[in-house]
Amino acid sequence: EEAGEAARADFARHWQAEFPGEPAPRMELGSVRAMERELERCRRHLRRLQRALAEERFKVGYLEAALARTPPK
C-alpha cells in the first residue's frame, strides 16, 4: 500500500501542475493491475466524452448554418 500512496502523491503533484487549484481525482494506483483497470476506465470515459463533444459540435454547426440561411426577422 505504500507504493500506492507514493503513486497517488505523484499523480496528485502532476495533476496540480496541470490543473492548479483542482483536487486530483481519486484513482487506484497501488499495482500494475489497478493502474490497468484505471486506464481502461479512463479510456471508456474519454470515448463517451469524445462522442458527446462530436454530437454537440454537429448540433452547433447545423444550427449556425440553419440560422445563416434564415432571413432576418
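Tutor: Helices (H or I, at least four residues) and strands (E, at least two) are DSSP runs, numbered from the N terminus. R69 belongs to helix α2. This is a predicted model, in which local features need pLDDT of at least 70 and side-chain atom pairs count only at pLDDT 80 or more, while totals for chains, interfaces and linings use all residues. Residues are numbered from 1 along each chain as its sequence is written, and side-chain values use heavy atoms, with hydrogens and water left out.

Student: Why is R69 called exposed?

Tutor: Buried means under 20% relative accessible area, exposed over 50%, and partly exposed in between (1.4 Å probe, protein chains only). R69 has 57% relative accessibility, and therefore counts as exposed.

Student: Why is R37 called partly exposed?

Tutor: R37, also in helix α2, has a relative accessible area of 39%, so the term is partly exposed.

Student: Which residues of α1 are buried, and what do they pack against?

Tutor: The buried residues of α1 are G4, A7 and R8. They cover an arc of only 100 degrees around the axis, which puts them on the same side of α1; the arc is that of the directions from the helix axis to the C-beta atoms. These buried residues pack against α2 (32-69), where contact means heavy atoms within 4.5 Å. On the other side of α1, E2, R13 and A17 are exposed.

Student: What makes the pairing of D10 and R13 a salt bridge?

Tutor: A salt bridge is a side-chain nitrogen of Lys or Arg within 4 Å of a carboxyl oxygen of Asp or Glu. Between D10 and R13 the N to O distance is 2.4 Å, so the pair meets the definition. Both lie in helix α1, 3 residues apart, about one turn of the helix.

Student: What are the N to O distances for E36 with R33 and for R43 with E40?

Tutor: The distance is 3.4 Å for E36 and R33, and 3.2 Å for R43 and E40; both pairs therefore qualify as salt bridges. The whole structure has 8 salt bridges.
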